[in-house]
Amino acid sequence: MSEEFQSPSVSSSARLDDIIEDSTREGTEKAADDDPLPPKPGAGDAPVFPPTAPPPVPAPRTFEPAENHGGSSDESPPPLPTRSRPEPDSTSVPAAPSEMARTRPESMVVDLIYWRDIKKTGLVFGASLFLLLSMTIFSIVSVIAYLGLAVLSVTISFRIYRGILQAVQKSDDGHPFKACLEKDVAVSDELVHKYSDIGLGHVNHAITELRRLFLVQDLVDSLKFSVLMWLLTYVGALFNGLTLLIIALVAVFSIPVVYERHQAQIDHYLGIVSKQIRDVTAKIRAKVPGLRKKTE
């Protein structure tokens with residue numbers, strides 16, 4: 001009796017649970033239809049993001065020339081015409097100052113003295129020294145004759161050798177010294193006048209200076225010159241002219257290089273010596289009557 005009484009209650013409670021479950025499911029489906037939301041990612045699912053559109057790219061601005069509206073002040077000037085650079089003409093372009101200076105004889109002498117080109121300076125210095133040393137052993141006539149024979153032996157031998165070589169090879173190369181024979185070696189009148197004027201100026205200056213020293217225009221300068229002549233007598237007793245030329249040649253090719261490398265030290269000691277000489281000269285002028293220069 002009790003089982004029959006409880007069965008309707010059990011079935012009614014089961015039916016009530018089914019009704020509640022159906023109503024909950026309908027409510028959930030309705031809410032999903034009204035406001036759809038992305039499903040929550042699970043443990044193994046990757047997050048899903050809604051696609052976003054790329055930002056708009058601005059269009060490039062184009063500048064257009066301003067139109068002429070009655071000559072307004074904001075009008076932009078017309079573009080300048082492009083000028084093509086003229087090609088340099090080799091005949092009209094002057095030579096660079098450094099290149100012109102190198103071709104001058106003075107610069108060539110300076111380059112030789114300062115050993116700018118070691119091969120060229122060594123050739124000139126060696127030939128000059130050999131010539132002077134030869135003149136100490138032989139007379140100047142013998143030295144000139146031997147040099148001429150040496151040069152002729154070389155040129156004649158080379159001329160015969162090239163002639164035989166051309167005959168064997170059956171070629172017509174011409175004279176071996178054709179380039180040297182066609183070169184202009186004449187001295188121009190302008191060069192002669194230039195250096196003759198320079199030499200004449202030095203000669204006139206030397207004559208004027210010797211006249212001033214020998215005629216005792218300044219007593220102190222004349223005394224200095226006499227002391228120099230007295231010292232040269234001892235130099236002449238020890239050395240002859242060729243030995244002095246050899247010493248001068250070695251000094252010309254060595255002293256400028258040494259001075260260039262040790263200019264600061266040499267200038268320092270030269271300044272001390274010149275100061276001492278000036279002090280001694282001033283004392284002599286002050287003590288000896290008649291040696292003071294006349295003030296104009």
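Biologist: Where is the kink in α9 centred, and how should I read such a bend?

Modeller: The bend at a residue is the angle between axes fitted to the seven residues ending there and the seven starting there, and in α9 there is a kink of about 30°, centred on Ala251. This is a predicted model, in which local features need pLDDT of at least 70 and side-chain atom pairs count only at pLDDT 80 or more, while totals for chains, interfaces and linings use all residues. Residues are numbered from 1 along each chain as its sequence is written, and side-chain values use heavy atoms, with hydrogens and water left out.

Biologist: What does α9 reach from its first C-alpha to its last?

Modeller: The expected span of a helix is 1.5 Å times one less than its number of residues; α9, with 21 residues (241-261), reaches 30 Å, close to the 30 Å expected.

Biologist: Which residues of α9 are buried?

Modeller: Buried means under 20% relative accessible area, with exposed over 50% and partly exposed in between (1.4 Å probe, protein chains only). In α9 the buried residues include Ile246, Leu249, Phe253, Pro256 and Val257, and in the protein buried residues make up 8% of the 296 residues.

Biologist: How many helices and strands are there in the protein?

Modeller: Helices (H or I, at least four residues) and strands (E, at least two) are DSSP runs, numbered from the N terminus, and the protein has 10 helices and 0 strands. One of the helices, α5 (residues 140-169), has 30 residues and reaches 44 Å, close to the 44 Å expected, and α5 is followed by Lys170, whose phi is positive, near 55°.
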